[in-house]
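Hi,

Here's the structure I said I'd pass on.

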Amino acid sequence: MPDNPLISRIKLPASLPDISVYHILYQAGDTMVAGYLAQPKAQKKYPGLVYCRGGIHRVGMVQIGWIEHMAACGFVVCAPSYRGNEGGRGQDEFGGADRQDVYDALQLLSSLPRVDADRIGAFGFSRGAVGAFLAAAETKRIGALVSWGGIVDLHLTYEEREDLRRMLKRVVGHPVKDAHAYMDRSALYHAEEVDCPVLFIQGGRDDQVSPLHSAYMAERLEMLGKPYVSWYYPEYGHHFPEAAHYGTLSEACQWLKQKLQKRCASGRRVVERGTHEE
């Protein structure tokens with residue numbers, strides 16, 4: 001993998017005056033992948049953030065307004081569209097080979113002159129939590145992680161979402177015959193390798209990714225003495241009302257910045273093992 005995997009970028013209209021947004025192509029392993037980059041216009045160093053979108057194919061595509069808001073909160077944001085989408089090559093495997101798209105998004109962020117490579121976080125929405133947690137577990141380059149309505153157990157998703165079963169069988173495999181493929185994509189089975197602080201954001205009325213996901217993962221992290229915090233909103237579903245969404249997003253970005261600052265304190269990584277915030 002080259003030091004800078006960026007292949008091309010095309011500037012897009014931005015809705016915020018101090019933010020630049022680009023549609024990008026970059027190298028992920030041996031595949032060219034599409035995505036988005038959002039960054040503040042001010043010429044200084046910022047923490048990096050890889051935003052992992054939800055859904056698959058044209059469902060749950062990257063929300064430009066969301067990554068603009070993250071950039072306005074003081075991040076350089078890279079958001080993979082995942083392979084096979086928006087001009088990228090290959091095939092989206094719902095957390096299979098496409099996990100490399102997230103890993104090399106981290107490399108892309110690290111290569112950018114305005115990114116502090118010692119302060120990079122991950123933000124996974126819905127299915128995006130699959131890639132975010134895998135990146136934390138397998139690359140050890142994630143300093144803090146947000147899982148918003150995140151899938152952590154693909155078997156549970158298969159059980160709860162009858163409307164997704166055909167897609168999961170086609171893309172991942174049979175939940176019994178190919179159980180290993182489901183477990184390999186599930187953060188619940190990688191919790192031992194997740195060393196960064198985790199923030200769970202969960203709506204109590206979420207009928208797409210039930211609160212059981214965050215509850216099971218939090219329980220597992222608790223057993224392992226890992227740092228996490230849960231923000232639970234009993235009145236909201238998978239998508240929050242707009243004002244609540246952007247307010248919560250701002251608070252989550254502030255949490256990320258605080259944790260990433262601690263990571264690079266005194267020039268070394270700091271992990272708050274066994275501390276659980278309320």
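Predicted model: local features only at pLDDT ≥ 70, side-chain atom pairs only at ≥ 80, totals over all residues.

Let's start with strand β2, which covers residues 19-28.

β2 has a partner in strand β1 (residues 6-12), and the two run antiparallel, joined by 6 bridges. To get from β1 to β2, the chain goes through a hairpin of 6 residues.

β2 also pairs with strand β3 (residues 31-40), again antiparallel, this time over 10 bridges. Here you can look up His23, whose bridge partner in β3 is Tyr36. The hairpin between β2 and β3 has 2 residues in it, and Gly29 in that turn has a positive phi of about 65°.

While you're looking at strands, a handy rule: in a regular strand, side chains alternate between the two faces of the sheet.

Now the helices. Two packed helices are described by the angle between their axes and the distance between the axes. For helix α2 (residues 99-111) and helix α3 (residues 128-139), the axes come within 9 Å and cross at roughly 65°. That crossing is right-handed.

Which residues meet there? From α2 you have Arg99, Val102, Tyr103 and Leu106, and they meet Gly131, Leu134, Ala135, Glu138 and Thr139 of α3. By type, the residues of this contact split into 5 nonpolar, 2 polar and 2 charged.

Happy browsing!

Conventions:
Residues numbered from 1 in each chain as written. Heavy atoms only, no water. Axes fitted to C-alpha atoms, helices over the stretch in contact; angles between N-to-C directions. Helix = DSSP H or I, 4+ residues; strand = E, 2+ residues; numbered from the N terminus. Left-handed = near helix turned anticlockwise from the far one by under 90°. Contact = heavy atoms within 4.5 Å. Nonpolar A, V, L, I, M, F, W, Y, C, P; charged D, E, K, R; others polar. Buried < 20%, exposed > 50% of the residue type's maximum accessible area, 1.4 Å probe, protein only. Pairing = 2+ DSSP bridges.
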